[in-house]
Every structure is written in structure tokens, then in C-alpha cells.
Amino acid sequence: MGEVQFKKVSDYLWEMPPAGCMTVPGRIYASDKLMEAVRSEKSQDQVANVACLPGIIKYSLAMPDIHWGYGFPIGGVAAFDVQTGIVSPGGVGYDINCGVRLMRTNLFLKDIQGKIEDIVRHLYSVIPTGVGSSGAIEKISRAEERELVVKGARWAVERGYGKSADLKHIEDGGCISLADPSFISDQALQRGLAQVGTLGSGNHFLEIGKVTEIYRPEIADVFDLQVDQIIMMIHTGSRGFGYQICDDYVKKLLKAAGRYGINLPDRQLACAPVNSPEGQEYLATMACAANYAWVNRQVIMALAEKAFARAMNLSEPQLGLDLIYDVCHNIAKIEEHEVDGQMIKVCVHRKGATRAFPPHHPLVPADYQETGQPVLVPGDMGRSSFLCVGTDEAMKQTFGSSCHGAGRVASRTQMLKKLKGHNLIQELAERGVFVMTKTHDSLAEEMPEAYKDVAEVVDVMEKAGISKKVAKFKPLGVIKG
């Protein structure tokens with residue numbers, strides 16, 4: 001695209017005017033400091049490339065945690081008219097419905113002091129981690145897997161993993177109804193059979209933390225959160241099942257783009273019209289992977305509840321592990337949004353971005369109608385994570401979307417070189433975090449130095465009016481792949 005030119009729209013918003021094949025402007029939410037990082041890498045070019053795709057509406061957007069991704073930047077948001085626009089696997093990502101689940105407990109810091117290492121060891125013993133991890137639950141059959149990807153989280157609840165009340169606090173109730181397993185490849189089905197209830201590798205984690213700060217007590221009260229309360233977060237997705245589905249459809253939709261005469265600025269933006277047979281097929285299989293991911297997090301939560309209670313010598317009711325919310329951040333959804341004064345159906349791609357719907361929106365759970373949808377923003381192992389809520393302004397500016405995390409500033413390869421020879425577990429222990437992990441390399445790749453400061457990312461979203469901070473959490477114990 002050549003050198004990208006930006007103008008500063010406000011203190012926290014930058015815009016690139018249409019150039020070349022772009023049909024809409026590109027917009028990046030960032031502070032001056034965060035924008036310096038964006039200018040130094042090629043994710044800004046990906047924002048421009050997305051603006052070239054057919055049927056895109058208003059803007060190609062990026063949140064302050066933007067960094068280089070496959071096709072779309074991670075942190076990218078784009079809405080496409082369902083009549084004239086496209087759907088792209090690169091706008092969802094390989095880990096379909098990678099997402100975050102936040103839970104509260106009845107415990108406070110004083111209750112677990114001196115016990116965090118034992119709790120983490122119990123969790124690590126029952127939740128498989130690492131590349132190719134499997135065996136969390138008894139292996140399911142192909143028929144059961146097809147049922148699982150249609151029912152979503154309800155499949156897990158029906159088998160004793162959690163309770164039916166959990167479903168009220170999961171985005172879309174833990175199930176996208178478009179799911180159709182008839183299009184899924186045998187290879188994808190095979191990869192998914194043994195991985196339900198597993199964390200995987202990369203930046204996936206299960207974390208025990210404490211509430212360190214409450215910003216909006218009236219909203220925190222709705223979520224039943226107090227300072228020093230113990231919480232749990234789970235970050236994982238659809239594992240090898242979703243990866244294979246994305247891989248299959250990148251190839252299929254690359255061919256489809258040619259058949260429909262779509263000129264791609266980047267082959268990684270393989271796509272097809274939303275209403276085409278190929279586009280509908282991708283959405284149906286993507287929904288299967290999304291449902292698989294919700295089952296995965298539901299099962300992990302149930303396994304973690306038992307392990308945590310056992311480590312504390314408590315009953316599960318005494319532990320009081322309750323789901324606050326589960327949100328996805330790699331997804332494409334058909335939604336209704338107001339555009340230039342008219343309500344229209346659009347296909348919203350959120351890749352490394354979180355839905356942030358406001359109070360009184362019909363898709364926000366009944367319990368949170370007065371607060372807005374929870375927005376869960378995990379940090380890194382040495383710094384904080386945040387609970388935020390969506391706003392009306394998000395609907396006006398970003399199709400109801402906010403950030404999803406800190407965003408990388410160093411590649412995994414760079415981190416491996418930088419931290420070679422370091423005792424990383426000891427370094428994290430000195431920061432007050434006990435970690436158990438499968439390999440030293442996976443820990444090095446995800447150290448805090450690899451990421452932007454999540455507090456600054458969240459502040460940009462708040463100051464831009466997109467989402468509001470409710471609570472801040474500090475990690476105490478982590479298991480990783």
C-alpha cells in the first residue's frame with residue numbers, strides 16, 4: 001500500500017483516508033504512545049487492505065491492542081453489508097471463538113494465603129495443557145461430536161459439566177444456531193475428538209487472581225465483586241478443531257473469491273459473498289467451531305471447580321464458583337446495526353476484539369440489562385486484567401466492539417531469543433505469580449515483556465467512550481501450555 005498516512009481525529013482516534021483500492025477510511029484507536037508501536041509494524045497495512053473488501057461499511061477498524069495477524073490485523077473489526085459484502089476466515093482467525101470466561105468465588109485473599117501453589121498444582125493435574133493436549137474427559141464418538149457442535153455449551157451442561165444457569169451468562173447462550181456439521185471435514189472432526197476440556201498452548205491460560213480495584217461500585221455490585229475477592233479466568237478456544245476448519249475454508253474461499261471476481265489485496269483475505277453458498281457454508285462451520293469452544297470452556301470450568309474445591313478442602317457450594325460471563329473474540333456474526341439512520345443486517349468480523357453491547361440491548365443477558373454486556377480484557381501473567389462493560393457509544397463508533405487484550409509488541413521468536421537462559425518461573429514468582437507450564441519456551445513466548453500494557457489499552461477504550469472499566473484483577477497463580 002506504500003506509506004500509510006494518518007490524521008488525528010481525537011486524542012484516541014486516528015484515521016487514514018481511502019487510498020488505492022480502499023473504499024472506506026481506516027480507523028485505529030490508540031494513544032500517542034500506542035500509535036508509535038503501530039507505525040513501526042505492518043498491521044496498519046492490514047487495516048488498509050481490509051478497507052478494500054467488497055461491501056465494507058463505514059470503516060476498517062482496529063482496537064488499541066492491534067498487531068499483525070493473518071489477513072486481518074489482530075484487534076481488527078469490520079462490518080459488511082449482507083447483501084453486497086463478504087465473509088472472510090482471515091477476519092475471524094484460526095482459533096475460532098478463542099475467548100475468555102470470568103468467574104467469581106466466595107473466597108478472599110486471606111482464605112488462600114499460603115495455599116496458591118497447592119491450588120495451581122491441583123488445577124494443573126486435571127486440565128491438560130500444551131500442543132496436542134487431550135484426555136480431559138472420556139473420548140467422545142463422532143456422533144456425539146456432531147451433537148456437541150450443534151448444541152454448544154448446553155451439551156456440556158446436560159452431561160454434568162456446570163449448571164443450566166451458566167448458559168444465561170455466556171455470549172449467545174453458548175450456542176450459535178447456524179451450526180451445520182455436515183460440511184466439516186473428517187480431518188477437523190478427528191482433531192476435535194480428544195481435545196474437549198483442554199487449554200492448548202500459546203497465550204491460552206487458566207488464572208487464579210484477586211480483585212485489586214473497583215472503579216464503578218454500583219456495577220461491581222451487580223457482578224457480586226469486592227476488593228481482595230478471588231476470581232478465576234479461562235482463556236482458550238476451539239483447539240485443533242477450529243484451526244482445521246479455518247485452514248479448510250481459507251483454501252475454499254480463495255478459490256471462491258476468484259469465481260466471484262473479487263480482487264484481493266492479500267491472498268490471506270480469502271473470502272466469498274455473505275449470501276453465496278460458500279459464504280453460508282463457512283458461517284455454518286464457523287458456528288460449529290464456536291460452539292465447540294464454548295463446550296471446551298464449560299468443561300474446563302467444571303473440572304477446575306472440582307480441583308479448586310478439593311485443594312481448599314471445601315465443598316463446591318462453599319467455594320461458590322459462579323460464572324460472571326463468557327465472551328468470544330474471534331468470530332463473525334450476523335447482527336443488526338444502525339448505519340446512517342437505518343437499521344441494516346451486517347456481518348461483523350471481530351478478530352481479537354470483544355463485543356461491547358450497551359445497557360438495554362436485547363442481546364445482553366437479563367441480569368446485565370442495566371450494566372451493559374461484560375467486556376473481559378485479560379492482560380499478561382505479570383500484570384493486571386480488567387472487567388469492563390459496553391456502551392451506547394460503542395454501537396455508534398465500532399459496531400458494538402472493544403479491545404480483547406494487551407496486544408503483542410514482540411514476536412514469539414524474539415522473546416525466545418531475549419529470555420534464553422532466564423529462570424522465568426522464578427522471575428514470575430518474584431512478581432507474586434506462581435506458574436505451572438508444559439515447556440519453558442511457551443512461558444518465554446508469553447512473558448509480560450511480549451505485550452503492551454493492558455492498562456493503557458483499556459484506558460484508550462474508556463477515554464474514547466467505547467467501554468467502561470468496572471474492576472481490575474491481579475494474577476496469583478497460572479497454568480499454561
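**Strands, a loop histidine and a helix contact**

Student: Which residue in β11 stands opposite leucine 102?
Tutor: The model is predicted: local features need pLDDT of at least 70, side-chain atom pairs count only at pLDDT 80 or more, and totals for chains, interfaces and linings use all residues. Residues are numbered from 1 along each chain as its sequence is written, and side-chain values use heavy atoms, leaving out hydrogens and water. Strands are DSSP runs of E (at least two residues) and helices runs of H or I (at least four), numbered from the N terminus. In β11, the residue opposite leucine 102 is tyrosine 325.

Student: How many bridges join β7 to β11, and how many residues of β11 are buried?
Tutor: Strand β7 (residues 99–108) and β11 run antiparallel, joined by 6 bridges. Strand β11 (residues 322–328) is largely enclosed by the rest of the structure, because its buried residues (under 20% relative accessible area; exposed is over 50%, partly exposed in between, with a 1.4 Å probe and protein chains only) number 6 of 7.

Student: At what distance does the side chain of histidine 169 reach the side chain of aspartate 367?
Tutor: Histidine 169 lies in the loop between α6 and α7 and is buried, its relative accessible area being 12%. Beyond its neighbours within four places in sequence, histidine 169 has contacts (heavy atoms within 4.5 Å) with residues including Leu323, Tyr325 and Asp367. Its side chain reaches the backbone oxygen of leucine 323 at 2.9 Å. Its polar contact (N or O atoms within 3.5 Å, one able to donate a hydrogen and the other to accept it; residues adjacent in sequence count only if both atoms are side-chain atoms) with the side chain of aspartate 367 is at 2.7 Å.

Student: Which strands are the edges of the open sheet?
Tutor: The sheet has 7 strands in the order β1-β2-β3-β4-β5-β13-β12, with mixed pairing (pairing needs at least two bridges found by DSSP). Each edge strand pairs on one side only, and the two are β1 (7–10) and β12 (330–339).

Student: Which residue in β2 is the bridge partner of lysine 7?
Tutor: Strand β2 (residues 13–16) and β1 run antiparallel, with 3 bridges between them. The partner of lysine 7 in β2 is glutamate 15.

Student: What angle does the direction of helix α16 make with that of β4?
Tutor: Directions are compared N-to-C on lines fitted to C-alpha atoms, for helices over the stretch in contact, on a scale from 0 to 180 degrees. Helix α2 (residues 43–50) packs on the sheet against β2, β3 (26–29), β4 (56–67) and β5 (74–81), at about 165° to β4. Helix α16 (residues 454–463) touches β3 and β4, and its angle to β4 is about 145°.

Student: At what angle do the axes of α5 and α10 cross?
Tutor: In α5 (residues 142–151), the residues that meet α10 (residues 277–312) are Glu145, Leu148, Val149 and Val150. The buried residues of α5 are Glu145, Leu148, Val149 and Lys151, covered by elements including α6, α7, α9 and α10. The helices are therefore roughly perpendicular (65 to 115 degrees). Their axes come within 7 Å and cross at roughly 95°.

Definitions and conventions. Parallel < 35°, antiparallel > 145°, perpendicular 65-115°, else oblique.
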